[in-house]
Amino acid sequence: MATNFFFQSGIPGGRSSEQLLMEDIIIECLRMYGFDTYYIPRQAVNEDDILGEDVLNKYTSAFSLEMYMQNVTGFEGDGDLMSKFGVEIRDTATFIVSRRRWGEVIARSGDAVLTTRPAEGDIIYFPLTKAFFEIKFVESTDPFFQVGKLYVYKLQCELMQYSSEIFDTGVSEIDDNTSNKSADINAFNLLLQNGDRALLEEYSPAGIILQSYNLGTIFPDVDNEDFRGEISVLDFSERNPFGEINV
């Protein structure tokens, strides 16, 4: 039995008119059953040409884009784990986005690292739970060539681990939620009148950091002082700190 004549007409790759119809239906379904999210493309600040990575990313734009979350029962992953450093939340999610819509909104903006597909390291902000997810892998061939064409990207994401990222997207909801989570030391540089950083030495890249850079002030929930006051350290400078044993 040959393929459906009305959709492919004997053309192995499928007819473009039917492909456009299929794509329109998929986009409409994403808008009906999906969520409004923000796609935040990253910008490399100082990329390592050898390792091909950048430890300091900058996010200066955010684009509203509809996506469908494949995990309909909630987030996946290891969930909440109790470790020696406290509670770790290891939620994961898979977001589905239309290729055409991603190209219209993100690729044409010129702000993305890659213009052909979503890039690993880009951020998805999920307003419903106010969570930031980092793209770890982009699946581009699932579903596989329906009517001879690929229509969606599947973005496999993990809950973002904050470090010193710079967020200045212009979207207050995003910038406010990251201002008290990302300990960006560059925001506490002593600046000159022209806006340049005041450096320690003439050829040193290290800047002068203001006294207000205090993690205890930035993150009121830290308990460094509690640990410092409660933990007692044994002094092993003596031969036997527990006392001599009389035999």
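Contact is taken here to mean heavy atoms within 4.5 Å. The model is a predicted one, in which local features need pLDDT of at least 70 and side-chain atom pairs count only at pLDDT 80 or more, while totals for chains, interfaces and linings use all residues. Residues are numbered from 1 along each chain as its sequence is written, and side-chain values use heavy atoms, with hydrogens and water left out.

Of the 247 residues in the chain, 32% are buried, where buried means under 20% relative accessible area, exposed means over 50%, and partly exposed lies in between (1.4 Å probe, protein chains only). The accessible surface of the chain is about 16,300 Å², and 53% of this surface belongs to carbon and sulfur atoms; such areas come from the Shrake-Rupley method with a 1.4 Å probe, and for residues only the protein chains shown count as cover. Among contacts between residues at least 6 apart in sequence, 56% join residues at least 24 apart.

An open sheet is formed by three strands in the order β2-β3-β10, with mixed pairing. Strands β2 (43-44) and β10 (166-167) stand at the edges with a single partner strand each, so one side of each is left without a neighbour in the sheet. Two strands are said to pair if DSSP finds at least two bridges between them. Strand β3 (residues 57-59) and β10 run parallel and are joined by two bridges. The bridge partner of Lys-58 in β10 is Ile-166.

The largest nonpolar core has 22 residues, and those with the most contacts inside this core are Tyr-39, Met-67, Phe-95, Ile-106, Ile-124 and Leu-155. At least two residues of this core are supplied by each of β4, β6 (86-98), α3, β7, β8 and β9. A nonpolar core is a set of buried Ala, Val, Leu, Ile, Met, Phe, Trp, Tyr and Cys residues joined through side-chain atoms within 4.5 Å. Apart from neighbours within four places in sequence, Ile-106 is in contact with Tyr-39, Phe-63, Leu-65 and Ala-112. A second, separate core has ten residues, among them Tyr-59, Ile-123, Tyr-125 and Met-160.

Eleven salt bridges are found in a search of the whole structure, a salt bridge being a side-chain nitrogen of Lys or Arg within 4 Å of a carboxyl oxygen of Asp or Glu. One of them is formed by the side chains of Arg-100 and Asp-24, at 2.7 Å from N to O. This pair links distant parts of the chain, as Arg-100 lies in helix α3 (residues 99-105) and Asp-24 in helix α2 (residues 16-33), 76 residues apart. Arg-100 is partly exposed, at 30% relative accessible area, and Asp-24 is also partly exposed, at 37%.

A salt bridge with an N to O distance of 3.5 Å is formed by the side chains of Glu-66 and Arg-31. Glu-66 belongs to strand β4 (residues 63-69) and Arg-31 to helix α2, so the pair ties together parts that are 35 residues apart in sequence. Glu-66 is buried, with 10% relative accessibility, whereas Arg-31 is partly exposed, with 48%. Glu-23, Asp-24, Arg-31, Glu-66, Arg-100, Arg-101, Glu-104 and Lys-149 are linked in a network of salt bridges.

The side chains of Glu-173 and Lys-130 also meet in a salt bridge, at 3.5 Å from N to O. Glu-173 is located in helix α4 (residues 172-179) and Lys-130 in the loop between β7 (123-126) and β8 (131-139), so this pair ties together parts 43 residues apart in sequence. Glu-173 is partly exposed, at 27% relative accessible area, and Lys-130 is partly exposed, at 46%.

Helix α4 also holds Asp-175, which is buried, with a relative accessible area of 16%. The side chain of Asp-175 reaches the backbone nitrogen of Gly-170 at 3.1 Å. With neighbours within four places in sequence left aside, Asp-175 is in contact with Phe-167, Asp-168, Thr-169 and Gly-170.

Conventions
Helices (H or I, at least four residues) and strands (E, at least two) are DSSP runs, numbered from the N terminus. A polar contact is a pair of N or O atoms within 3.5 Å; within protein, one must be able to donate a hydrogen and the other to accept it, and residues adjacent in sequence count only if both atoms are side-chain atoms.
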